[in-house]
Amino acid sequence: MEVLVERYQRRKVVSNPASPKLFYLRQIPKTCGKVDIETLSANIQKNCSMTKGDVKHVIEALVEEVQANLANGNKVKLNELGTFHMTFSCPGMETADKCTVKNISRVNIRFVPDKELRLVNGCLTRTESPANVEFVLDTQEDSAGSNTGGNTGGNTGGNTGGNTGGNTGGNTGGNTGGGKDDNPLG
């Protein structure tokens, strides 16, 4: 597997115009596809004796079961894939009687990949898994002379400044706003 990445420049602190601009790596926009249940069903059907429709129903039942368990506060572990769990945020209160469920401001579902699935840059650590990803720096931008430094990363080693968090866009701070020049999506 190869994930095409490119360099982009943004301010270290996006909201501060005086902050220095640094280079980060991100997955090249529109180079990743989206896989839905229909596609998964068709691909799984090729590797088992179930029909595409049967596989689709199993996947839909799995999704319903995961949702129900998360709604009940349970963690859901899918072997060799990872664990889903619920998190929430609420501000701290000075007294116990002011601390109620109405203070919960945000509920999220988090996913923690199993060690067999960790999508990591091979020059930092290596897992023996077919799910390893090779990050490849797009060479078109280098030939245009727009940026310098770096070559391929991923499981082939090499020199990289990329992130190890998968396809989340940037090493620090994420994408939190800024002007047109600061937009990491172009």
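Mentor: Begin with Val 5, which in this predicted model stands opposite Leu 137 in strand 6. That position belongs to the pairing of strand 1, residues 2-11, with strand 6, where the two run parallel and are joined by 4 bridges. Stepping back from this pair, you find an open sheet of 3 strands in the order 2-1-6, and its pairing is mixed. At its edges lie strand 2, covering 21-27, and strand 6, covering 134-137, each of which pairs on one side only. From one strand to the next, the twist in this sheet averages 40°.

Strand 3, made up of residues 76-78, pairs with strand 4, residues 82-89, in the antiparallel sense, and 3 bridges are found between them. Within this pairing, Val 76 stands opposite Phe 84 of strand 4. Strand 3 and strand 4 together form a hairpin, with 3 residues between the two strands, and in the turn Glu 80 has a positive phi of about 65°. Strand 4 also pairs with strand 5, residues 106-113, again in the antiparallel sense, this time over 8 bridges. Here you can look for Thr 83, which stands opposite Val 112 in strand 5.

As you follow the side chains along these pairings, keep in mind that in a regular strand they alternate between the two faces of the sheet.

Key. Residues are numbered from 1 along each chain as its sequence is written. This is a predicted model: local features need pLDDT of at least 70, side-chain atom pairs count only at pLDDT 80 or more; totals for chains, interfaces and linings use all residues. Side-chain values use heavy atoms; hydrogens and water are left out. Two strands pair if DSSP finds at least two bridges between them. Axes are lines fitted to C-alpha atoms, for helices over the stretch in contact, and angles run from 0 to 180 degrees between N-to-C directions.
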